[in-house]
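Here are a few notes to go with the structure you asked about. Have it open while you read.

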Amino acid sequence: MKTHRVTIDLSEPKSLPQGRFDAGRVDATTEADITHHIAEDEAEAAQDAARYTRKVRKRLGLTQQELAERINVSLDTIRNWEQGKRAPTGAAKALFRILDRSPETALAALQ
């Protein structure tokens, strides 16, 4: 992907970059296309969450069973998270951020 540098002079509106889009393509986009793109985005997000969950667990040096026991969830829950079938939400999501940023401290607190 190419990078372009643009100088913007806020006192001169004509210096603002002009966006480009294909109006014909936008007009031709159907609800089915949008639904399809949403599904693709959600599947990609689920896989991102799965990779993140797996990365954090491996960084901690724990098996799925050990992590499940430490954070008090079922082994199936960990498996589902790591396979992208489900994603951690709420407190579990926050816990993974803490485990990722400060693993030693977080693991000590989970013992």
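1. Which way does H3 pass H4: in a right-handed or a left-handed crossing? Keep in mind that this is a predicted model. The crossing of H3 over H4 is right-handed. The angle between helix H3 (residues 64–71) and helix H4 (residues 75–83) is about 115 degrees, and their axes lie 8 Å apart.

2. As for who touches whom there, H3 brings Gln64, Gln65, Leu67, Ala68 and Ile71. On the H4 side, they meet Leu75, Ile78, Arg79, Trp81 and Glu82.

3. Arg79 also has a salt bridge, with Asp76 (3.9 Å, N to O). Both sit in helix H4, and because they are three residues apart, about one helical turn separates them. Asp76 is partly exposed at 48% relative accessible area, and Arg79 is partly exposed too, at 35%.

4. The whole structure has five salt bridges. Have a look at the network that links Lys55, Arg59 and Asp100. Asp100 pairs with Lys55 at 3.7 Å, N to O.

5. Finally, Val6, Ile8, Leu10 and Leu16 make a nonpolar surface patch of about 400 Å². Ile8 lies in the segment before helix H1 (23–28) and is partly exposed, with 42% relative accessibility.

Terms used. Residues numbered from 1 in each chain as written. Predicted model: local features only at pLDDT ≥ 70, side-chain atom pairs only at ≥ 80, totals over all residues. Heavy atoms only, no water. Patch = residues over 30% accessible without salt bridge, like charges linked within 9 Å, V, L, I, M, F, W, Y side chains within 5 Å. Areas by Shrake-Rupley, 256 points an atom, 1.4 Å probe, with all protein chains shown as cover. Salt bridge = Lys/Arg side-chain N within 4 Å of Asp/Glu carboxyl O. Helix = DSSP H or I, 4+ residues; strand = E, 2+ residues; numbered from the N terminus. Buried < 20%, exposed > 50% of the residue type's maximum accessible area, 1.4 Å probe, protein only. Axes fitted to C-alpha atoms, helices over the stretch in contact; angles between N-to-C directions. Left-handed = near helix turned anticlockwise from the far one by under 90°. Contact = heavy atoms within 4.5 Å.
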